[in-house]
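Visitor: I'd like to learn how to read pockets and cores in a protein model. Can you walk me through one?

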Amino acid sequence: MYYGGRSEALLGVNDACGYSLWQAEAVTSSNIVSAERGIAAPAQAIFDILADPAKHSAIDGSGTVDAPRTQRRLALGESFGMSMRNHRISYKTNPIVTEFDEGRVIAWRNKGGPTWRYELFPADSGTRVVETYDLTTMRGGALIKLTGLARRTQQNMAKTLDQLDRLIASDGGA
């Protein structure tokens, strides 16, 4: 599988605990921020929401995702358009899917921007979802850390995972 240039063996995707190398980095690196939550649903049902740009505004915890400009399901290498809003400023983004493993991992980023990654792990009561904001792929990422944006982003990611859980629950666990 393709993980942004890293092999499955390097990532440790198949390790006994289900943890990957980037998660270990999240613990030790101030350039990577993550939030996680258990959701009582199969990984594929969660992945289907993440791979559908039309659902992104329904789960966005930051309030910045306005509407999709792409209606098709995401795939590796696919560019998708989103209309965004930050306070009173509207803008458009065209992220590219950089990692894709059906039912397990999806990530995207804008050119020169951070990577947004979701990784799904089987858990006793459903799926453990880890959302990551990876500044190592962003020009000026160190500056972002100084602004406190990373901390606010982590709070918004927790809200996103809450909203993802609510959406799954309202769909009956899909």
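**Reading the pocket and the core**

Guide: Happy to, and keep in mind that this model is predicted. Let's start with the lining of the largest pocket: helix 6 gives the largest share, 6 residues.

Visitor: How is empty space found in the first place?

Guide: Rolling a probe the size of a water molecule over the atoms shows where empty space is left. Here, the largest pocket holds about 890 Å³ of space. It is lined by 31 residues, and Ser 62, Thr 64, Met 84, Tyr 91 and Trp 116 are the closest to its centre.

Visitor: Which elements supply at least two residues of that lining?

Guide: Helix 4 (56-59) and helix 6 (149-170) do, along with strands 4 (82-86), 5 (89-93), 7 (105-109), 8 (115-123) and 9 (126-134). Sorted by class, the lining has 15 nonpolar, 11 polar and 5 charged residues.

Visitor: And the largest nonpolar core, how many residues does it have?

Guide: It has 30, and Ile 46, Leu 50, Ile 106, Val 129, Leu 164 and Ile 168 have the most contacts inside it. Among the elements that give this core two or more residues are helix 3 (43-50), strand 2 (32-39), strand 6 (96-101) and helix 6. Take Ile 106: leaving out residues up to four places away in sequence, it touches Leu 50, Leu 74, Val 97 and Trp 116, among others.

Visitor: Back to helix 6, then. Is Thr 160 buried or exposed?

Guide: Thr 160, which sits in helix 6, counts as buried because its relative accessible area is 5%, and the cut-off is under 20%. Beyond four places in sequence, Thr 160 touches Ile 59, Asp 60, Gly 61, Tyr 118 and Glu 131.

Note on methods:
Residues numbered from 1 in each chain as written. Predicted model: local features only at pLDDT ≥ 70, side-chain atom pairs only at ≥ 80, totals over all residues. Heavy atoms only, no water. 1 Å grid on protein atoms, 1.4 Å probe; cavity = no way out; pocket = protein on both sides within 12 Å on 5 of 7 lines; lining within 4 Å. Points joined across faces, edges and corners; volume = space filled by probe spheres on them. Helix = DSSP H or I, 4+ residues; strand = E, 2+ residues; numbered from the N terminus. Nonpolar A, V, L, I, M, F, W, Y, C, P; charged D, E, K, R; others polar. Core = buried A, V, L, I, M, F, W, Y, C linked by side-chain atoms within 4.5 Å. Buried < 20%, exposed > 50% of the residue type's maximum accessible area, 1.4 Å probe, protein only. Contact = heavy atoms within 4.5 Å.
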